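Visitor: I'm new to this structure and would like a close look at one part of it. Could you pick a pair of packed helices and walk me through how they meet, with some of the surroundings too?

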Amino acid sequence: MSGTQSHNPLVTSAAKVEASPLAHAFHQFARSRLALFGLALLLLIVCAAIFAPWLTPQNPYDLMQLDILDGMLPPGEASMSQGFIFRLGSDEQGRDIYSAILYGLRISLIVGVISALTAAIVGSVLGLLAAYVGGRTESTIMRLVDLQLSFPTILVALMILATLGKGITNVVLALVIVEWATFARAARGTALVETRREYVEAADCMGLPMRSILFRHLLPNCIPPLIVIVTVQIAKAISLEATLSFLGVGVPVTEPSLGLLIANGYQFMFAGKYWLSVFPGIALLATIASINLVGDRLRDVFNPRGA
Amino acid sequence: MIENRNIAMQGDDVAENVRKAFEMNRPPILSIRDLTVSFLNNETWTPVVRDISFDVGRKETVAVVGESGSGKSVTAMSVMRLLPAETSRVQGSIMLDGRSLTQMSDEEIRDIRGNEVAMIFQEASLNPVYTIGFQLVETLVRHRRMMRNAALAESVRLLEKVRIPAARTRLNDYPHQLSGGMRQRVAIAMALACQPKLLIADEPTTALDVTIQAQIIELIKHIQQEDDMSVLFITHDMGVVAEVSDRTVVMYKGDMIEAGPTEQIFHHSSRPYTRALLTSIPQLGSMTGKSEPEPFPVVDHTTGEVTPPDPADRSVVPAPDPMLRVSDLTVRFDIRGGLFGGVTGRVHAVEDVSFDLFRGETLSIVGESGCGKSTTARAIMGLVKPKSGQIRLDGGELGELSAEMKVAMRRKMQMVFQDPFASLNPRMVVGDAIAEPIARFTDLSARGVADRVAELLELVGLAPDMARRFPHQFSGGQRQRICIARALALNPQLIVADEAVSALDASVKAQVVNLLLDLQQRLGLAYLFISHDMAVVERISHRVAVMYLGEIVEIGPREAIFENPQHPYTRTLLSAVPVADPSRRHMNRGLDETEIKSPLRSVDYVPPRLPIREVAPGHFVRQVS
C-alpha cells in the first residue's frame, strides 16, 4: 500500500509543503492555544481601533461633543445631556473613557507600527549592506549600532523629543532612531550566515549588481527572524510611546494616546477615581501582551529554520 | 617475493576460514528479524525501514550499505534505541546475545549502551570543553568502576591501541587541538574503553580525507582482530565495504535488497540494484590504458540493463594558445591575533601555482583538505584576492582590466559548487534563478528568456516545466543539474566545478559526471574540475594536477599520473583510495599515522622554491625536498 507513495518520499512531502506554505505556517502557529488566544485578542484590538468611530458614542477629540457637566462620572452612569451611558466612566472634561481608549489605541498602534516598520526597513538595509560589503562600511555601520545600543532607549528618545518638541511625527522619528540599531544588528547576523552560502557566491560569479544580490537574494532569506523582531519591536514602540506620553513629551494633549490617558488619570488615583487610569492601563497591557504572545510563537515557528 | 606473499596470504585465509567456521556454530551476537521502523509525520506513520532481517556473527564485520535515504542509519539507531519514542515506532525483534533490546526498560538499555554495544559517528562525538584524558578516565571510572590511577594508565593504553603517537602527552589536549582523523581515533578509543562486544560505526570515515580514511579503516580492522569484536559498519561507499566487511547488507529506500557474503555480493549478485550500485561506483584503475575521458556505464535500477558509455571521440583539439593561463598564483591568508590584532601567522593556501587550460579540455586538481585546490578555483573566479600572480583568460590579463571589463570577462567562466542544497536561493523558483543572468546581460525579450531557460533545462536533462518549482522540491542530483544549467546560462567557455559531484550519491554522481562529459562534447567547454575523489577524476579528466600544501607537486596527462606517478605524495594518495574488490580485504597495508600537514606558517616564513622536472612530455614533477 505504501509502495507507490514511499518510493518517492521527497516528491510527496515537497508537494504537501507546496500546497500552501502559509497554511502550513498557520497550522504550526495554531498548535499553541495561548498564541491563538493572543492572535484573537490582537485582531479584536486592531478591529476596535480601526472601527472606533462606529463603536463609540462620542468623538473624544471633538471638544464640541464634550460636556463639562458629564465630568468625573464613574463607570455605568448615564450622560446628563447626550443620553448614552459612560460604560467605563468619564474624565474631568466629560470625555467618555471607553471612546478615549479606542481612539487612543489608534494612535498607539499607528505610532507603533509605523515606527517599527520604518526602523525595520532602515535597519535591515544597513545591516545587509554591512554584512555583504564588509570592511570599512561594516565597521562604520556597526560602531554606530554599538553607540546607539549603549544608551538607554528612553534617554535617547527623551533627548530627541526635548529638542524636536511634541507631536506624533516627532515621536515616530524618535522611535525609529532608537530602534533601527536592533534591526541592523539582527539583519547583519542573519545575512553574514547567508552571505557565506554558495548561492550568494554563485550570484557574485555571474556578475550580478549589488542591488539585486542584496534585495533579490539576501533579503528574502533573512526575512523570518526579522518578522519576529518586528512584532516584538511594535510592542516595544507602543510601550515606549506610552511612557513618553506619560512623561508629557509624547503626543499632544488634545489627542491623547493610551499613555497620556493614564497620565491624566494618575493624579486622581488616590481620590478614588480609579477608572481614569486603570481601564486605559488594561487596554495597553492587553495590546502589548497580545503582540508579544504572537511574536513569541512566531519565533518558535520560524526558529527551526527547516527546509 | 610477491608470490611468497600470495602464498602467505592464502595460508592466512585458510586459518581465517577455519576460525570463521568455528565461530559460525555459535549464535550470532546481534540478530535482527523483521525490523520495521516508522516515523510519525503529519499525524501518519510512514515506514522508513521495512522488514529488515540480518545477523551479525561473533568477530564478524557486517556492512550495511545504501545511498542516502536508504534507512541504513535508522537501522543502526534503532539497535541503540536512540530514536525518539514519541515520533518513531520500532516493530520486529532485535536480539543482542539472546536478549531482546526492544523489550528492555530504559534503565537496562542504558546499561547496554557503551558497555556491550558502542557506537562511533561521522563526526567524533567528543565534548569540546574537556580534555580527552578527562573524558576517557571518566568513561572508565563510570563504566568499569576503575580507580583513577588505573583509569589513567588504561587511557594511555587505549590511546596507544588506536595508534596515537605520544599518547601520554595527548591526554591533556582538548578535542579542537586534534585533527579530524585523530579525533576519530580518540572516539574509537572511547568506544573501546568498555570492551564492547559490538561496535556500530555509522559512516565513520565519510568526513575524513582519503589517506586518513585508509588509516581509520585499517585501524578498525586491526582492533577487531585484537579484541575479537563484532562490527556493524554503516556506509554509502562500496569501496569501503569491500575493504572491511565479511558480509554485506544492501539497502534501498527502506528495503533490504539483499544480504550475503561480501564476495558473493560483489561478484555474483543477481539483483539489478546491487549491480547498478556496483557499476556506478568509480573503480580506480578501470581506465587503465585509455587516454581520453569516458562516461560511466549506466545500469537501470529495476531491470539491470547496462547501457555502455558513448564511445565518442573526446580528445582535445590542439590549439596554439591556452584559453586560461594561470602563472605564479599565490594566495595567503593572514591570521590575526593578540591584543592589537597584529598578524601572527599566515596560511600559505596557494603557493606559486601555474598551469594552462585549453579549449575543450578538462584539468582536474586533486588533493586533500587544506591543500589549496578550492582556493585556487576561488582565486580564478575572483572570489578571493590573490597576493600575486597572473590569470589570463583568452589572452586578457584579469588584473589589468577595468572593473567593467573584468565582470564581462568573468562571465566567460562560471562555477558549479559542491553543496547542491546551498548553491540555489531557497526562496527563488529555479526558472528565475536561471533567468536572472540572462535577463540582465542579454537583450532577449521576456519570451526569449523563458525559451532559453526551457532550452537550458532540457540541455541538462530536466523537464522545462520544472522551472516553476522551488529548489527544495528537487533531489540533490537534480539540483546540481540546475546549478549546471545556471552556470551555462551566459554561454561560458570555462566551468570551474569545485567538488561538484562530491556530495552526491554514487549512482547520481555517475549520471552528473556523464552529463558534464556530454556537455563538454556538445558545447566545447573547458573544465577545471576540483575534487578529492580520485576515481571520478580518473573518468573525467584529460590532465590532472596534484596539489599538496598549496603547491602543485605533479601535473601531467591523466594516464601518466595514474599509471606512472612520480611524486611520493601522488603515490600515497593513489594507494589510499579504497578498492572495490573484496579479495584484497585480508591484505594488510600496515598501519600509518602520518597526518596531513598544515599550511599555516609563521609570518617570516619564506617557502622554498623546489625545482620542477619534466619526466615525460607534459608530465612535470616537483622535486622532493
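**A helix pair in chain A**

Guide: Let's start with a record: UniProt, in an unreviewed entry, lists "domain: ABC transmembrane type-1" at residues 105-295 of chain A. What you're looking at is a predicted model. Chain A as a whole comes to 13 helices and zero strands, and its C-alpha atoms fill a box of roughly 75 × 60 × 30 Å along the principal axes.

Now for the pair. Two packed helices are described by the angle between their axes and the distance between the axes. Here the two are helix α9 of chain A, residues 168-195, and helix α11 of chain A, residues 210-246; their axes come within 9 Å and cross at roughly 155°. Because angles over 145 degrees count as roughly antiparallel, α9(A) is roughly antiparallel to α11(A). As for the hand, α9(A) and α11(A) cross in a right-handed way.

Who does the touching? On the α9(A) side, the contact residues include A:Val171, A:Leu175, A:Val178, A:Phe183, A:Ala186 and A:Ala187, along with A:Glu179 and A:Glu194. Across from them, α11(A) brings residues including A:Leu218, A:Cys222, A:Pro225, A:Leu226, A:Ile229 and A:Val230, as well as A:Gln233, A:Lys236 and A:Glu241. Sort the residues of this contact by kind and you get 15 nonpolar, five polar and four charged.

Finally, step back to see the neighbour, chain B. The contact between the chains takes 34 residues from chain B and 25 residues from chain A. Chain B and chain A bury about 2700 Å² between them, with 56% of it on carbon and sulfur atoms. In chain B, B:Arg427, B:Glu436 and B:Gln473 lose the most area to chain A, and together they make up 19% of what that side buries.

Conventions:
Residues numbered from 1 in each chain as written. Chains lettered and ligands numbered in written order. Predicted model: local features only at pLDDT ≥ 70, side-chain atom pairs only at ≥ 80, totals over all residues. Heavy atoms only, no water. Axes fitted to C-alpha atoms, helices over the stretch in contact; angles between N-to-C directions. Helix = DSSP H or I, 4+ residues; strand = E, 2+ residues; numbered from the N terminus. Parallel < 35°, antiparallel > 145°, perpendicular 65-115°, else oblique. Left-handed = near helix turned anticlockwise from the far one by under 90°. Contact = heavy atoms within 4.5 Å. Nonpolar A, V, L, I, M, F, W, Y, C, P; charged D, E, K, R; others polar. Buried area = accessible area lost by both parts, 1.4 Å probe. UniProt positions renumbered as here; feature names shortened; annotations may be inferred.
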